[in-house]
Amino acid sequence: MTVVTREDNKATVRPAGDAIVAATIGELRSELRAVLEQGARELVLDLADIRMVDSSGLGLLMAAHNSVSRAGGRLAVIHASAELVELFQAMRLHQHFSVSGN
Amino acid sequence: MPEQHAEMDAPAVLVVDDTRTSLELVRSILVAEGFRTLTAGDGRTARQLSRDEQPALILLDVMMPGESGFETCAQLKSDPATADIPIIFLSALDDVKSKVAGLKMGGVDYIAKPVDGEEVLARVRVHLRIRQTNRTLVAEQRARVGELRDAQQAILTRPEDCPEAHFAVVYKPLEEAGGDFYDVFPLGDGIVAYFVADISGHGASAAFLTAAVKAVLRQFAGPLYTPEDTMRGVNSVMGQIVSEGQYLTACYARLNRERGRLTVISAGHPPAILVNRAGVPVTIEAGSDPLGVFGKSTLRRTDLRVAEGDRFFLYSDGFIESTPGGGRREGLERLVRACVEHHGLPLAESTSRIAAELRPEAQAAWDDQLLLAAEVRS
């Protein structure tokens, strides 16, 4: 179950499971959409348990970044594993939104 | 549906009953209407006949000594050779519990004994009709999927279509068509473009977009455009076409044979690899943003000197990942080693070997796989 914590206009979303991949991405997508609609401007994605992110997962992150930026806010990814940080950096995503490790 | 005639290719119905008289009764009902029939007096014979003769339908008595009809059904359903043959149970047990048990077992219908001739015929016809429809649907689906594969193959350049490019390619989509794409074409004046792209996801929706990528690429490539212009064009147009959450990565290499210059722009894509004629590898890090997602994308290019006999490799991440998004560093090291190891072989052969080594057939894949290799030759 995705865990969402809200505090004023900041929302921290922690996805369920250990993978953000095409097969299971529906719930996370809905949650992100919901918090954005509810007016979150600081969107924090906690990837503490996440081991795998496929291209659908990356696409969702990019879409979340675009949506929250358009609304004047920003996305931050926290607790990413070393391998995921490397992946984000390889794709230059860290130049668009903040990425931090454990 | 036309009446069944007793022809050699007419579907056969297998009747299974341990009681001779019951067996004969059902058989004669079917034969009178022109059905071809097979008979068996026990479960074992029934299974044997089913495997060998592939009847279109089985009428199966439930109460049989030794192997019961339910047991026979279970066995038939667990054997791939007979699992798809529809089974109608025949039974004196008329209670709901028995019927439900039979249907749960995998039977498609249940006829109470003593059988009524008209009812048997009506139910047999219904199920034969359903079976026919299913087979038609499966055949149509197979054809459609084959069309998708052929359509994608048609837009991919084969090495023999562009001999001046001196390239070889291995492409294994995960499904019939994939989200990986490549294009190789001359730009004039001895300049050749090599392009590899990976649309996020795989399957039909990603495959569909590869045709758009080809069109945009061809439009924005050419002597009038710098490599950055080309990628910017792809970024801009694809950004308007892809759905939310969809993007592509790409690596674009432009080889100027006359000048001995290779220009590479890699947009969110794993690094291109150069192995010179002496077998020394270079990983070409040219990091730019993925395409189709950011309005203003940063593009950085790398220019290298190349000479006759040098080879370079473009590929998709499906080739180097060991889990979704993972194992890239090790995968890249393995790929570089393989490119160097097989450097002495002719280009096509070395490319197949590298591909086989990195992605053995037996290994399960979750992504499309693409490896494109080219050699600098005048």
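In chain B of this predicted model, B:Ser91 has B:Ala112 of strand E5 as its bridge partner. Strand E4 of chain B, residues 87-91, runs parallel to E5(B), and four bridges join the two.

Let us move over to chain A. Here you will find three helices and seven strands, and if you follow the chain from the N terminus, the elements come as β-β-β-α-β-β-α-β-α-β. The radius of gyration of chain A is 12 Å, close to the 13 Å that the globule rule gives for 102 residues, so chain A is as compact as a globular protein of that length. Along the principal axes, its C-alpha trace spans about 30 × 30 × 20 Å. Buried residues account for 38% of the 102 residues in chain A. Among contacts in chain A between residues at least 6 apart in sequence, 63% join residues at least 24 apart.

Chain A also has an open sheet of five strands, in the order E1-E2-E4-E6-E7, and here the pairing is mixed. Strand E1 (3-7) and strand E7 (98-101) of chain A are the edge strands, each pairing on one side only. Ignoring direction, neighbouring strands of this sheet are turned by 15 degrees against each other on average. To see one of its pairings, find strand E2 (residues 10-14) and strand E4 (residues 42-46) of chain A, which pair in the parallel sense over four bridges. Within E4(A), A:Glu42 stands opposite A:Lys10.

The helices of chain A come next. Helix H1, residues 25-37, lies across E1, E2 and E4 of chain A and runs at about 175 degrees to E2(A). H3(A) lies across strand E6 (74-80) and E7 of chain A, at about 155 degrees to E7(A). H1(A) also packs with H2(A): the angle is about 5 degrees and the axes are 11 Å apart. Angles under 35 degrees count as roughly parallel, and H1(A) and H2(A) are therefore roughly parallel to each other. On the H1(A) side, the contact is made by A:Ile25, A:Leu28, A:Arg29, A:Leu32 and A:Leu36; H2(A) contributes A:Ser56, A:Gly57, A:Leu60, A:Ala64, A:Ser67 and A:Val68. By class, this contact has seven nonpolar, three polar and one charged residues.

Finally, where do the two chains meet? The contact takes 18 residues from chain A and 18 residues from chain B. On the side of chain A that touches chain B, the elements giving two or more residues are strand E5 (52-53), helix H2 (55-70) and helix H3 (82-90) of chain A. H2(A) gives the most to this side, with seven residues. The residues on this side of chain A divide into 11 nonpolar, four polar and three charged.

Methods: Residues numbered from 1 in each chain as written. Chains lettered and ligands numbered in written order. Predicted model: local features only at pLDDT ≥ 70, side-chain atom pairs only at ≥ 80, totals over all residues. Contact = placed C-beta atoms within 7 Å. Nonpolar A, V, L, I, M, F, W, Y, C, P; charged D, E, K, R; others polar. Rg over C-alpha atoms; globule rule 2.2 N^0.38 Å. Buried ≥ 20, exposed ≤ 12 C-beta atoms within 10 Å, placed from the backbone. Pairing = 2+ DSSP bridges. Axes fitted to C-alpha atoms, helices over the stretch in contact; angles between N-to-C directions. Parallel < 35°, antiparallel > 145°, perpendicular 65-115°, else oblique.
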